[in-house]
Structure formats: structure tokens, C-alpha cells
Amino acid sequence: MSSYGNPASGTSYQNRPATGTQTPGLAIAALATGIGGLIFFWLIPILGLALGVLGVVFGVMTTRRAKAGAPGKGMGTAGIVTGAVSIVGALVFWAVAVAVLAS
């Protein structure tokens, strides 16, 4: 009868180092807020603008930390790009809405 609770040969799973690298939460937040900005800039422009700004801010913070050796540079860059697109999209949406309402 074998025991599934403990590993064989006296080793412990609890003391094993983690494999791979973990993505920092700030990088995930940058990408999530940037994508959220893309979704909301045409539905609720003020929310899209706010999420876009947050995506850019979190992305810049992540890429600065990545220069010092922290992981997450790609997600931070993607957060900057999606955040910037949502900011521009929200501003264009507002400009078109003002032009339509003014005419």
C-alpha cells in the first residue's frame, strides 16, 4: 500500500523551488486595464478613458521595473499600447459626438 501524502525518498515538495517565473500583478493590471479601456471607450467613454490612463500608468511602471530585471515587460508594453489606443479612441468618440451635437 503506497502513501500519496508524502513523496518518496525523503524529499519534500514544500521545500522545492518554484519552476518558471511569475508574472507580477502590476503587469497583469496594466494589460487588464488597457483591454478594459478598449472595450469601454465606445460604450462608456469616460470609463474607457480612465481605464486607458490606468493601463498606460501601470504599463510604464512595469516596464521601468523590467529594466531592473523584473519579469512582465511584454505585458507592460501591451498595457501601454492598449491604454493609449483606448485614450485616443475615447477622445475621438467625444470629438465626433460634440461635432454631431453641435451641427
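**Exercise 1. Determine the handedness with which α1 passes α2, and characterise the packing of the two helices.**

*Solution.* Helix α1 passes α2 in a left-handed crossing; a crossing is left-handed if the near helix is turned anticlockwise from the far one by less than a right angle, and right-handed if clockwise. The structure is a predicted model, in which local features need pLDDT of at least 70 and side-chain atom pairs count only at pLDDT 80 or more, while totals for chains, interfaces and linings use all residues. Residues are numbered from 1 along each chain as its sequence is written, and side-chain values use heavy atoms, with hydrogens and water left out.

Step 1. Two packed helices are described by the angle between their axes and the distance between the axes. For α1 (residues 25-40) and α2 (residues 45-67), the angle is about 155° and the axes are 7 Å apart. Axes are lines fitted to C-alpha atoms, for helices over the stretch in contact, and angles run from 0 to 180 degrees between N-to-C directions.

Step 2. This geometry makes α1 roughly antiparallel to α2 (angles over 145 degrees count as roughly antiparallel, under 35 as roughly parallel, 65 to 115 as roughly perpendicular and the rest as oblique).

Step 3. Contact means heavy atoms within 4.5 Å. Among the residues that meet are Leu26, Thr33 and Phe40 in α1 and Leu47, Phe58 and Arg65 in α2. The residues of this contact divide into 11 nonpolar, nine polar and one charged; Ala, Val, Leu, Ile, Met, Phe, Trp, Tyr, Cys and Pro count as nonpolar, Asp, Glu, Lys and Arg as charged, and the others, Gly among them, as polar.

**Exercise 2. Identify the buried residues of α1 and what covers them.**

*Solution.* Step 1. Buried means under 20% relative accessible area, exposed over 50%, and partly exposed in between (1.4 Å probe, protein chains only). In α1, Leu26, Ala27, Ala30, Thr33, Gly34, Gly36 and Gly37 are buried.

Step 1. The cover over these α1 residues includes α2 and α3.

How values were computed:
Helices (H or I, at least four residues) and strands (E, at least two) are DSSP runs, numbered from the N terminus.
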